[in-house]
Amino acid sequence: MKLGRIVSYIVLVIVFFLMPLLLRHNAYYLHVFILCGINVIMAISLRAITTTGQISFGHAGFMSVGAYTSALLVMKLGLSTYAALILGAAAAMAVAAAIAYPITRVRTIYLAMLTLFFGELIRLVFTEWRGLTGGTSGIIGIPPLGTISIPGLATIDFSTKLPYSFFILVLALITILFFYGIERSYVGMTFKSIAQDESLAASIGTNVANFKALVFCISCFFAGLAGGFYAHYNAVLAPDTFGLFPSLYILVYVIVGGRRKFAGAIIGAIVLTLIPEVFRVVKEYQPFVFVALLFLVIFLLRGGLVTLPEQVKIQMEKIHVRKNENA
Amino acid sequence: MESLVQSIANGLMMGFIYVLVALGLSLVFSIMRIVQFAHGEIYMLGAYGVYFLCVKLGVPVFAAFVISAIVLALVGIVLERFFFRPFRGDVENSIIVSIGLILLLQTVASVFFGAQGKYIPEFLPGIMSIGSIRLPWERMLAVFAGITITILLFIFIRKTKTGQAMVAVSQDRDGAALQGINVNHISAISMAIGCALAAMAGALMGAIFQIDPAMGGFAMEKGIAVIILGGLGSIVGAVAGGIIIGLIDGIVPVFASTTIAYIIGFALIIIILIIRPKGLLGYE
Amino acid sequence: MRMLETKGLTKHFKGLRALNNIALSVGANEIVGVIGPNGSGKTTLFNLITGFLKPTSGEVVFESKHITGKGPHAIAQLGIARTFQLDRLFHEFTVLQNVAVASRLHSRIGFWEAVFNMPDYRTKYHDTWDYAQKILQFVGLDDKRDVMARNLSHGHQKMLGVAIALSANPKLLLLDEPCAGMNPKELNLALELISKIKERGISVVLIEHNMKAVMNVCSRIVVLNFGTEIANGSPDEVQKNEDVIQAYLGVTRHAA
């Protein structure tokens with residue numbers, strides 16, 4: 001990667017790390033920041049699933065598995081929150097593994113429906129399993145993330161939103177680096193080859209089912225991680241938080257952001273989390289703003305938000321040409 | 001034993017409403033090749049249409065039912081023309097359009113009518129009793145309507161020119177166009193019929209249960225489940241699928257709970273999607 | 001033991017007997033042609049050998065191993081590669097990327113070493129691109145390496161298809177109508193390429209309609225008609241075979 005690019009990315013990271021500090025006196029802004037972080041993780045992991053040509057309409061369901069598992073491991077078994085976070089993510093991955101292989105043969109429209117039902121199934125199971133999950137009332141009083149003491153330096157106590165902001169930032173960064181690494185690697189190329197032509201990929205030795213299943217499971221691991229974080233951050237969990245709509249929203253972040261480029265998922269998640277919050281004017285009418293933005297983008301920018309710079313350039317060139325013609 | 005028979009009866013009655021939703025969805029899908037996720041919202045608006053006309057404007061219930069269906073058929077034509085046609089063939093953006101419409105329509109209903117549940121009067125109040133089995137007339141109406149509409153649809157598709165044109169388009173869009181069939185008109189008509197069916201199903205359902213802006217999601221899930229079970233593009237399949245799912249939803253709660261009934265339904269669908277995605281009787 | 005042998009290979013579809021009791025045999029360093037009218041089962045034969053279809057009965061043995069019923073990727077890993085009758089390419093990739101991504105059997109890059117960018121991976125990755133370039137040079141597409149696959153001319157797309165199959169490092173290459181739709185110049189280049197492939201020690205099975213190509217390049221020809229083998233021999237023998245002439249050429253020829 002060129003030096004200029006690396007420098008600009010580092011600057012970007014620094015800016016993002018400064019933001020919580022700038023926002024630290026406004027709990028609401030910090031909350032929105034944290035939501036963005038969670039949604040970025042969900043969007044990037046969902047996008048990874050789409051790089052092999054698959055789709056998931058139930059991604060929030062896997063997030064809920066991570067959330068409930070992490071909360072329950074801490075509250076019922078007394079595990080440390082960090083261990084619980086990882087195990088929660090692992091549990092989400094395990095649930096994903098249950099269907100990962102069978103679904104590799106299922107065609108896209110059917111896969112959409114299948115994952116939709118599976119996400120709903122997870123929600124219904126959590127609703128029904130009252131003994132464990134508190135049913136529709138959910139769980140309350142989930143402990144916050146454990147205190148981190150770095151000897152001699154600082155003690156990070158998760159009693160306010162600020163530490164959570166940094167923690168989600170770190171998680172999001174790890175997610176971004178991980179998936180971006182895959183994206184640019186030979187494995188990422190292989191994923192894209194599978195999305196383009198499975199038969200051709202198979203004919204030169206690609207184990208298509210393996211790759212599809214693997215990316216599905218890994219992606220759900222990160223969804224579970226985001227879920228676990230959410231559980232300890234929010235202190236309260238209910239099955240309805242993770243229903244069909246959240247799954248659809250994440251899909252919207254990915255597609256409206258722009259599926260082709262990696263940054264699309266990030267941009268989609270951030271912009272589409274921020275805009276509704278910015279327009280939190282009249283709560284009832286807020287979805288109209290989201291919908292308006294959504295339709296605006298897909299009618300005008302077929303490739304998603306991430307293609308905005310390109311499109312602007314193209315339009316500018318057109319204007320330039322017209323100007324020259326008229327001169 | 002009696003509660004079992006009652007629950008079978010309940011299940012069958014629900015099942016036919018599911019059939020109506022599924023028929024509309026199946027029609028739209030096989031002609032327009034998109035899963036119109038906002039179909040459930042049309043169903044919801046059908047119910048609210050009757051509420052608005054009947055409760056707010058005092059229109060007689062039966063007329064409200066018909067007017068609501070017609071209005072939503074027209075809405076469907078507008079949606080097809082301006083929201084779905086521009087994205088034909090663009091899978092990703094079609095999904096986004098559907099999701100956007102779900103949000104839009106649900107919010108419109110919330111804003112206009114409020115998020116609380118409302119009631120619409122029954123078309124046929126009263127209960128018929130056979131022994132200790134209670135068969136509310138309203139629910140029987142749903143069954144009757146479901147059967148009648150299915151038969152009418154069947155005849156329409158088999159016997160009319162337009163119906164046959166629809167079959168042609170569902171099998172081979174380009175081939176049909178080459179034969180001089182105006183594919184855009186057919187898409188519009190299918191959407192209109194599909195939405196009318198959804199609206200009617202919503203109105204029938206609304207007369208039995210409460211209506212609220214979020215009722216569309218339930219209909220959508222049942223509709224898709226029925227189609228998967230019975231097979232896309234098959235009318236007989238939709239009826240069979242609707243009855244089966246209706247029976248599950250009617251019987252299982254007696255032994256376990258409604259949630260478990262839904263879980264079984266979904267698990268069944270997931271397994272079918274994995275093993276035989278085209279459904280029991282489906283073709284494409 | 002021959003490199004590839006099929007025994008009693010049969011494939012029925014619903015009501016259609018696509019392939020009947022085929023015994024194909026390919027030795028090391030051979031170019032075998034498979035010809036026959038349209039619908040005679042040639043591509044079905046390829047699909048059965050390479051695992052895209054499962055036979056109704058019969059077996060396929062490659063290098064003394066039973067490969068019947070294995071999946072396409074496993075068969076590729078064992079050393080059989082193929083091209084497709086209806087062009088298959090990675091349209092969103094450049095020519096070089098197409099070949100590079102197809103070189104996975106050569107590079108042996110593992111999933112996790114790539115994900116975590118290990119040093120081993122970096123060398124292998126670098127090497128893959130060099131390897132891909134060499135394949136392109138061999139095939140004659142090196143000057144087009146940065147062109148998007150979908151922008152290539154028809155003839156070049158066919159060559160790219162061959163290049164992709166070659167990157168899988170096969171011992172046996174199945175070419176399905178590689179010369180279809182080519183002009184005479186392209187045809188000659190294609191035939192040269194096929195000879196070069198043989199010189200590299202790779203055996204080739206060639207489905208072709210272009211008779212000049214087949215007769216020139218193949219040491220042995222198998223003729224199929226309605227899924228059954230009707231002749232098997234040298235180009236001369238096959239050309240003079242009455243059944244073949246009847247079924248395929250449709251003209252009775254007098255001895256020249």
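In chain B, helix α10 (residues 235-255) packs with α11(B) at an angle of about 145 degrees, their axes lying 8 Å apart. Here axes are lines fitted to C-alpha atoms over the stretch in contact, and angles run from 0 to 180 degrees between N-to-C directions. Helices are DSSP runs (H or I, at least four residues), numbered from the N terminus. Contributing to this packing from α10(B) are B:Ile245, B:Ile248, B:Asp249, B:Val252 and B:Pro253, while α11(B) brings B:Thr258, B:Ile260, B:Ala261, B:Ile264 and B:Gly265. Sorted by class, the residues of this helix contact are 7 nonpolar, 2 polar and 1 charged.

The model is predicted: local features need pLDDT of at least 70 and side-chain atom pairs count only at pLDDT 80 or more, whereas totals for chains, interfaces and linings use all residues. Residues are numbered from 1 along each chain as its sequence is written, with chains lettered from A and ligands numbered from 1 in the order in which they are written.

Turning to the chain contacts, 29 residues of chain B meet 32 residues of chain A, a contact being two residues whose C-beta atoms, placed from the backbone, lie within 7 Å. On the chain B side, α4 (91-113), α9 (215-230) and α11 (258-275) each supply at least two residues. The most come from α4(B), with 12 residues. This side of chain B holds 20 nonpolar, 7 polar and 2 charged residues. In this grouping, Ala, Val, Leu, Ile, Met, Phe, Trp, Tyr, Cys and Pro are nonpolar, Asp, Glu, Lys and Arg charged, and the others, Gly among them, polar.

Chain A also touches chain C, through 20 residues of chain A and 27 residues of chain C. On the chain A side, α8(A) gives the most, with 6 residues.
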